[in-house]
Amino acid sequence: MLISDIAPIPLAKLRKGGVVPAHPLALTAGRELDERRQRALSRYYLDAGAAGLAVGVHTTQFAIREAGLFRPVLELAAGEAARHGSEPFLIAGAMGPTAQAVDETETARALGYHAVLLSLAGRDAMDEDALIAHCRAVAGVMPVVGFYLQRAVGGQHLPAGFWRRFAGIENVLAIKMAPFNRYQTLDVIEAVVAARAEDRVTLYTGNDDHIVADLLTEVRIKRDGVEVPVRIRGGLLGHWAVWTRRAVELLDEIHDRPGGRSVTDWLALDALTTRANAVLFDAANDFAGCIAALHEVLRRQGLLEGTWCLDPDESMGPGQMERLDRLLAEHPELTDDAFVATHRDRWLTG
């Protein structure tokens, strides 16, 4: 499957840049898949206006593979996307050694996904040539979204030279930049320009600590004496797994009406969004509670029954619940509670 094989509407959504929530996993108290609530989450994101869904990624919990849930979870999201009618762009996570990553990519292709988000977590022992060969093997199956994952949750440093070679792979259609590091984010952008791939490789932010500024910034890089302007078009974010309607409204404003706020107001919103993410992602405890806190927000909205993760020891970090309470009390405008309350029963029963 090649980029040219992707249907025009979902491909156009990816290219324009959109909100792509990293899909959580809905579990029962017995830590089994809660299919009703898993479907409800997909319906929420799509009705909120998300351009796509990313499933089987970090927020979905990598352990779904050992639990035998990788294919079932992908199937549920694909089914809801097909029924919705908006033709969202579907991204499946792929990871592990080459044989595993290729197998997961083949599963995603068979289920109607458009691309895989290829995680290189755990591939630290591979040199650059081996990493590129690994990526080419996956890209030989279907289009690939690159993934620069921060070290705190299993990523590794990937130099600009790697990203230039990666961007040169013809079946790479996007890169999610999530190193939580400004220098490394710029490395990727410069590498894409150096590879002359800026028209083929759409850039998405995964920098949950810098969302608004990433989306507002135009990076201008000279190539052959000519300035090449590059924008980060959208976000594939765990942060956007909650309050998704607000995220869609934010990105629409950035795309269509960026002059509606002053520079000072935009920077203030960027700082507030980062402060909110520090709470959601449990930055105070080295991101230990970054999934459980998303579950807690969705639980409060009635979309999830509890905050259970596959790992019984994975929960919100010390003080995180209190920080979340304070954030919600001080900034209710961040939430989409009213939107969820209006539609929740339909999502849970439809």
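Which element gives the most to the lining of the largest pocket? Here are my notes, and keep in mind that this is a predicted model.

1. Start with the pocket itself. The largest pocket has a volume of about 310 Å³. It is lined by 16 residues, and those closest to its centre are Arg246, Ala247, Leu250, Leu269 and Leu334. Go and find these five in the viewer before reading on.

2. Now for the opening question. Helix 9 is the top contributor to the lining of the largest pocket, giving five residues. Two elements give two or more residues to this lining: helix 9 (244–256) and helix 10 (263–280).

3. What is the lining of the largest pocket like by class? You'll find nine nonpolar residues, two polar ones and five charged ones.

4. Next, the second largest pocket, with a volume of about 200 Å³. This time 15 residues do the lining, and Gly17, Gly18, Gly49, Ala51 and Asp252 are the closest to the centre.

5. Which helices each supply at least two residues of the lining of the second largest pocket? They are helix 1 (8–16) and helix 9. Helix 9 gives the most here, with four residues.

6. Finally, the classes for the second largest pocket. Its lining divides into six nonpolar, six polar and three charged residues.

Technical notes
Residues numbered from 1 in each chain as written. Predicted model: local features only at pLDDT ≥ 70, side-chain atom pairs only at ≥ 80, totals over all residues. Heavy atoms only, no water. 1 Å grid on protein atoms, 1.4 Å probe; cavity = no way out; pocket = protein on both sides within 12 Å on 5 of 7 lines; lining within 4 Å. Points joined across faces, edges and corners; volume = space filled by probe spheres on them. Nonpolar A, V, L, I, M, F, W, Y, C, P; charged D, E, K, R; others polar.
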